[in-house]
Amino acid sequence: MSSPVDKFIDYVEQHQNDFVERLRKAVAIPSVSSDADRRKDVFAMGDFLVKELEKLGASVEIRNPGVHSINGKTLPLPPVVLATVGDCYEKKTVLVYGHYDVQPALKEDGWNTDPFVLVENEKHELVGRGSSDDKGPVLGWINVVEAHKALGLELPVNLVFCLEGMEESGSEGLEGIINQEAKKYFRNVDVVCISDNYWLGTSKPCVTYGLRGVSYFNVNVTGPKADLHSGVFGGTIHEPMTDLIALMNTLVTPKGKILIPGIYDNVLAVSEMEEQTYNGLEFSMQDLHSAVGAEINIHESVRDTLQHRWRFPSLSLHGIEGAFYSPGDKTVIPANVTGKFSIRSVPDMTPSEIVTLVKKHLEEQFEKLGSKNSVRVSCTHSGNHWLSSPEHWNYVAAAKAVEKVFGVQPDLTREGGSIPVTLCFQEALGKNVLLLPMGRGDDGAHSTNEKLDRSNYVSGTKLLGTYLYEVAASAGDEE
């Protein structure tokens, strides 16, 4: 006789077209959180999820984060959808997080098809905005609930949902709700699982146990009261743009070395155990070349490349506000320019330490210029790094689930980007957080022609459900 998990896997395989249709309906809702004119669509997407969950018997509650201002308009923030399936005190409780908002997308941006019409191409890729980030994974959890209801099976764990509609716009309002509900709605949670990242490559699943933090900086240089004519004033004044370029040139070398004194002092050394995790990863230098479209790598080996992506800090220059950038020639001396850059941080760096070092460095460098202009350095936002343990029972359960569904041991990965909600859940609930991706490394989540392979959507749904069975079977006696 088939086991419950085998029955579940068979159901998913047989009903995959129904699940694709559910994703099609979700993609058709253009829930772009950064666009004030699309706010009603974000609410519509939240309502879609509420109805899908209620239809499957989930207990659903709404938390309203409040209001905010966008493009001069005061708008209500989309609701945080909380839902529960199962309330058995003898079972473990898994909290799953996802988001139902998406990045902006227009056909004229370079999409081959309408971004809000899900299209399955000849490669069996499900192309559409949000297919991979993050509507596919969110619906994967709902598919799991549907399969069990249809089969007359109880879920092996209690499942708690936390779904937000502002992730692509900074998760505004979510942190307060997580902290507020930590001892209430989330009080019985044993572990957290987030499916909002991607495989390292395109053929081997992974589980992710670390993320870099990010600190974003503005360095502003001001001088004259207005923009000036370079023919009249060039050579006679201290120019803000010249000062700014000189300052930004002191931040990082062309080979990625950060020049700010003390920035590397608290970077945790690579342990022998960590070194082992880089063995046999499904990644090649060609993967990097393909991803960036050119052979411009700094490091020659996979190990060095991934370590500098995942576990060493980096500094990137992003742009200059106030500078002339339109086509054509304009002989202007900008009066007020702001350079923008960020630092990706790793254990054991802290945001406060980074801010102190950056400000001290830039202020000292500006003093050396002998300029009569004014400088102001500010950190506009910062988020700490996150690191978990792949030896925790939550990760062991995920690895077993990957092996059952895919027949391979998963890669153990960290990521260079930041998912602030990960650290927020860990700190607020005091529970282990797991990142268990559904999509591939080439899904193009924020790019044109975003896709989720049908096989990843189907097998990813199988993985999420199987993971719940492995969690249920785990002793779960270590935090």
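1. In this predicted model, the charged end of Arg38 is placed over the ring of Phe116, at 6.0 Å from the ring centre.

2. Searching the whole structure gives 7 aromatic pairs. One of them joins Phe217 and Phe341, whose rings are stacked, with 5.3 Å from centre to centre and 15° between the planes. This pair connects distant parts of the chain, since Phe217 belongs to strand E11 (residues 213–222) and Phe341 to strand E15 (residues 336–345), 124 residues apart. Both Phe217 and Phe341 are buried. Elsewhere, Tyr97, Tyr185, Phe186 and Phe425 are linked into a cluster by ring pairs.

3. The C-alpha atoms of Met248 and Phe341 are 8.7 Å apart in space, although 93 residues separate the two in sequence. Met248 is part of helix H7 (residues 240–248). Its relative accessible area is 8%, so Met248 is classed as buried. Apart from neighbours within four places in sequence, Met248 is in contact with Leu317, Gly319, Ile320, Gly339 and Lys340. Of these partners, Gly339 and Lys340 fall within the residue range of strand E15 (residues 336–345).

4. The loop between H7 and helix H8 (272–276) contains Asn266. Is Asn266 buried or partly exposed? Asn266 is partly exposed, because its relative accessible area is 36%. Asn266 and Asp348 are 82 residues apart along the chain, yet their C-alpha atoms are separated by 5.4 Å. When residues up to four places away in sequence are not counted, Asn266 touches Pro347, Asp348, Met349 and Glu353.

5. The cysteines call for a brief comment. How many disulfides does the model contain? The count is 0. A disulfide is a covalent bond between the sulfur atoms of two cysteines. The cut-off applied to the two sulfur atoms is 2.5 Å. For Cys193, the closest cysteine sulfur is that of Cys206, and at 12 Å it is too far for a bond. Cys193 has 0% relative accessibility and therefore counts as buried. Cys88, by contrast, counts as partly exposed, because its relative accessibility is 27%.

Note on methods: Residues are numbered from 1 along each chain as its sequence is written. This is a predicted model: local features need pLDDT of at least 70, side-chain atom pairs count only at pLDDT 80 or more; totals for chains, interfaces and linings use all residues. Side-chain values use heavy atoms; hydrogens and water are left out. Buried means under 20% relative accessible area, exposed over 50%, partly exposed in between (1.4 Å probe, protein chains only). Helices (H or I, at least four residues) and strands (E, at least two) are DSSP runs, numbered from the N terminus. Contact means heavy atoms within 4.5 Å. Rings of Phe, Tyr and Trp (its six-membered ring) pair if their centres lie within 6.5 Å; planes under 30 degrees apart count as stacked, over 60 as edge-to-face and the rest as tilted. A charge sits over a ring if NZ of Lys or CZ of Arg is within 6 Å of the ring centre and within 35 degrees of the ring normal.
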